[in-house]
Amino acid sequence: MPIGRLVRAGLVGGIGVIFVSLVGLMARISEINLIGTQVTGAYAFLALVPFAAAYISVRPRVVAGRLEELTAGRSVSFGAVTGLAAGGLVAASLLFTSWYGVERIREVFIEVTQELIDVLSFGQSAIVGASILVLGGLLLGAAGGGFRTLAPEARKVLATAISATLLMGLLQRIIPIAMLQLGLDPDWMYDPISSGLTWVGAAVTFFVALGAAWLWARRGRAARETLRTMTREQPGTRVVVGLVMIAILATIPWLVGSVISEVLGAVMVFMLLGLGLNIVVGYAGLLDLGYVAFFGFGAYATALLTGATLNTTTGSAAPALSLHLNFYVALPIVVLLAAGVGLLIGAPVLRLRGDYLAIVTLGLGEIVSILIGSNWLKPLVGGPQGMRNITDASIAGFSFRDPQHFYYLSLAFVLLAAFVSLRLSGSRIGRAWNAMREDEQVADAMGISTTRYKLLAFAIGGAVGSLGGALLAVRIGSLTPASFVILVSITALAVVILGGMGSIPGVIVGALVLIGLPGLLREFEEYRLLIYGAALISIMILRPQGLIPNVRRSRELHEEDRSQDKWAGDLAADEDTAASLSPLGEGSG
Amino acid sequence: MPVVRMSAFERFPWRRVILVSLSIFIGIFVVYGSWKTLTLPEGERYSGAAWLDFVILGIAQGAILALIALGYTLVYGILRMINFAHGEIFMVGAFASYFFADAYLKSGYLNRHPVSALGILFLTAITTSVAVALLLERVAYRPLRNSPRLVPLITAIGASLFLQSAVRGFFGTATRGYPKPDVLTGTWTIFGIEIARIEVLVFVVSVAAMIVLQLFVSRTKTGKSMRAVAEDSEIASLMGIDVDRVVVTTFAIGGALAGIAGVLFALSFEQVNFYMGFRPGIAAFTAAVLGGIGSIGGAALGGFALGLLQSVGPALLLTGIGVPSPFQLKDVVTFAVLVLVLIFRPGGLLGSGGAEKV
């Protein structure tokens with residue numbers, strides 16, 4: 001029995017739990033009721049850790065060049081050891097804390113509270129809680145090991161059903177509202193008091209998802225094939241599919257209500273930023289860490305061109321420069337100017353490659369955000385206090401200030417940017433970018449003017465980024481420098497990386513997960529940077545092609561993984577992705 | 001300015017136009033700004049003593065920057081990667097030592113035995129920073145050692161974000177006052193110049209650390225293998241050098257220097273917070289690039305040069321042309337230097353100016 005390896009896997013899981021507890025996330029997710037009042041986010045996480053650690057620790061390994069799978073009995077017992085180690089470590093720290101004194105630890109780690117101890121000890125005394133942790137770790141670890149022995153198809157179906165149930169629990173602030181809007185009664189599914197799923201709702205979700213996943217596993221391929229031939233052979237179906245999509249997109253704000261629409265607005269702004277950055281990073285392969293410069297430029301240029309007032313300590317004042325153009329007249333000007341700024345920034349730094357380019361753009365971005373907030377530019381952009389009363393982007397009296405209306409404006413922008421990206425990727429320009437990204441020297445030798453195409457990427461990326469800024473400016477009609485910090489660049493980068501570099505659906509999913517989920521579950525709000533950081537690291541290590549990879553791009557990234565051991569490792573890793581795709585896996589990072 | 005040969009110029013001549021006009025503009029700006037500042041009417045003008053203060057402060061800040069910059073430069077020399085999270089390693093060290101400093105202040109130990117107390121603070125910071133640096137290397141960088149160069153940079157950004165928010169989660173967002181032993185308050189008069197005691201400490205400790213590092217790299221066997229790996233890691237491994245061990249040693253040394261810098265920084269500003277690593281980190285990276293990344297002497301030189309630029313630059317260039325609160329724009333100077341060095345002399349002050357390296 002490779003006891004060292006098993007225990008190590010368990011300890012890593014245990015350290016993960018302790019880490020999540022110490023940063024305060026555990027106490028926060030214990031306030032989310034997923035199912036009834038019994039299954040909280042914290043308990044789901046506590047259960048998931050030994051299970052997943054055991055599942056991973058008993059994965060098939062390469063022994064003497066061959067993939068070796070464990071027998072069922074060994075899988076279960078090995079998994080139990082891993083789970084025991086995970087539970088044991090958490091239990092030991094719990095006992096240590098209650099012996100040493102919560103208050104004394106709290107002098108250093110401010111999140112260690114009695115509340116946290118209550119969560120970890122299941123509301124019992126420390127000894128009982130520790131025993132539950134150990135025993136639970138043992139059983140869940142055995143279950144995780146046992147899960148590995150199921151047929152891959154069964155595993156996938158089960159994992160999908162469990163993730164779907166947890167996801168429905170997490171979406172407790174959307175689904176009930178949508179159900180009410182549709183005239184359905186949500187009370188049987190969501191408990192109005194605990195706001196989580198009821199046990200009936202959970203069971204229904206679980207079995208429906210189980211059935212759907214099972215059907216999909218059996219018939220999915222055929223169904224997809226039929227749909228594809230249908231859309232190819234009968235142009236009419238394509239139109240119908242398109243219309244249905246548009247209808248669904250159009251009803252979303254009505255369906256989810258005002259609060260969620262506001263979250264959606266923020267998501268769409270970052271979708272736009274992600275799409276723009278995707279052109280620079282994903283298509284052209286230039287890592288731009290100063291993308292916030294375009295965002296800020298777009299926002300402030302829009303504000304100045306359409307008219308706004310400065311926030312001052314005495315009230316408000318007119319900025320040093322202010323035109324009163326219509327938003328839709330100003331927008332093309334802003335976009336063109338931003339493209340020009342992209343050219344100006346791009347031209348001197350083009351010769352730099354890779355990481356140096358990244359740092360220079362970071363520097364330029366920081367210069368822009370410091371200048372925006374400085375006293376020097378105060379007469380123009382309001383300094384630290386920013387601007388407000390930015391002219392509304394209304395069309396014929398239809399104001400976009402309301403979150404539910406703003407959605408349509410941002411949807412139009414996102415669709416436009418997605419369309420441009422889509423058309424670009426297959427065009428001559430897109431192919432030139434592709435060649436340049438893969439090997440600049442070769443591309444140069446093939447007669448592609450890399451300088452020109454790099455500039456083009458900067459200009460187009462900048463233009464799309466400024467669209468995002470313009471959108472932000474008219475969203476609530478006020479701007480402060482706090483919205484234009486380096487974290488915007490990094491968030492946009494995380495959106496692109498998580499979704500998959502060069503992949504448009506990837507950007508959309510990336511923005512929904514990274515901006516939407518923390519916006520939806522305010523419990524995560526404080527920890528979103530922690531989650532972004534963890535996501536950037538783990539994506540790069542485990543799945544560099546992103547969640548929804550661009551086909552060509554993923555081939556490229558895996559070019560170096562051709563050795564046999566790597567290949568076998570990938571086989572095992574691919575099976576893990578089903579589990580890691582669940583949103584809980586993302587959130588608990 | 002070095003002559004840069006680049007075929008792209010023929011196809012894109014206005015790149016040169018932009019560069020030349022940019023340098024002319026900057027030249028005029030520097031001359032005009034300093035002239036205006038130095039000819040301000042009596043009373044508004046900075047006195048000679050004020051300038052001297054700026055210079056001394058700049059040297060002290062530069063020493064700290066140089067210590068952090070050495071971490072960037074060592075790692076870059078060995079792995080050709082920018083360890084973006086190095087600023088966070090610096091912050092973690094400072095934060096860890098804070099808890100001891102605070103406890104020692106309360107027990108009175110800090111003022112009774114300042115030397116041994118400071119020694120323990122340095123040790124704590126070094127241990128923590130080294131531990132975090134090694135963990136980072138093991139978890140985030142080693143699995144990606146052979147990936148395209150942008151991949152480890154992206155993980156490094158992720159690691160930076162992660163460490164920052166983890167510290168924020170552990171210890172909260174509040175800025176905490178870092179106690180300073182009474183011995184270090186006040187000034188000493190050296191060569192007739194009054195210098196704050198803390199600045200003397202910063203300077204002495206940093207220079208000592210740099211000398212030790214230089215001796216280590218040039219005299220010891222480990223140092224020799226570090227140089228060999230920096231030269232060519234593949235050949236070095238064929239020669240029987242354990243590259244993994246050298247990488248680990250490099251990260252450890254970088255972490256130790258960052259830990260020392262963390263305590264010095266915390267002592268001079270008398271505060272720590274979770275965000276304190278970011279700007280100094282970038283500034284130190286700039287210093288490393290300014291001196292010529294990959295070179296130890298370059299990092300030291302770049303650190304002092306950037307420290308001076310940061311403290312003298314805003315006052316000298318911006319006061320005269322009527323920019324309010326010029327020190328707000330201190331980091332603009334940093335980033336402008338970074339951008340300009342990379343554009344005009346990517347090899348740095350001590351480097352060969354080779355464009356292909358970048």
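A: Let's start with handedness: a crossing is left-handed if the near helix is turned anticlockwise from the far one by less than a right angle, and right-handed if clockwise. Keep in mind that this is a predicted model, where local features need pLDDT of at least 70 and side-chain atom pairs count only at pLDDT 80 or more, while totals for chains, interfaces and linings use all residues. As for labels, residues are numbered from 1 along each chain as its sequence is written, with chains lettered from A and ligands numbered from 1 in the order in which they are written.

Now for helix H7 of chain A, residues 126-149. (Helices are DSSP runs of H or I with at least four residues, numbered from the N terminus.) One partner is helix H4 of chain A, residues 72-100: the two axes come within 6 Å and cross at roughly 155°. Those axes are lines fitted to C-alpha atoms over the stretch in contact, and angles run from 0 to 180 degrees between N-to-C directions. H4(A) and H7(A) are therefore roughly antiparallel, the word for angles over 145 degrees. Their crossing is right-handed. Sorted by class, the contact of H4(A) with H7(A) has 17 nonpolar, 15 polar and one charged residues. Here Ala, Val, Leu, Ile, Met, Phe, Trp, Tyr, Cys and Pro count as nonpolar, Asp, Glu, Lys and Arg as charged, and the others, Gly among them, as polar.

H7(A) also packs with helix H3 of chain A, residues 41-57, at an angle of about 45°, with the axes 7 Å apart. H3(A) passes H7(A) in a right-handed crossing. Who does the touching? On H3(A), the contact uses Ala47(A), Pro50(A), Phe51(A), Ala52(A), Ala54(A) and Tyr55(A). H7(A) answers with Gly137(A), Leu140(A), Gly141(A), Ala143(A), Gly144(A), Gly145(A), Phe147(A) and Arg148(A). Being in contact means having C-beta atoms, placed from the backbone, within 7 Å. This contact of H3(A) with H7(A) splits into nine nonpolar, four polar and one charged residues.

The domain assignment, which is automatic or from a database, gives chain A a domain 1 (1-149) and a domain 2 (239-588).

What about the neighbouring chain? 46 residues of chain A are in contact with 48 residues of chain B. On chain A's side, helices H13 (327-349), H14 (354-372), H19 (450-476), H20 (486-499) and H23 (528-542) are the elements that each give two or more residues. H14(A) supplies the largest share, twelve residues. By class, that side has 31 nonpolar, eight polar and seven charged residues.

Chain B has a helix pair worth a glance too. Its helices H4 (86-107) and H11 (243-269) have axes that come within 7 Å and cross at roughly 55°. That makes H4(B) oblique to H11(B), and H4(B) passes H11(B) in a right-handed crossing.

How values were computed: Parallel < 35°, antiparallel > 145°, perpendicular 65-115°, else oblique. Contact = placed C-beta atoms within 7 Å.
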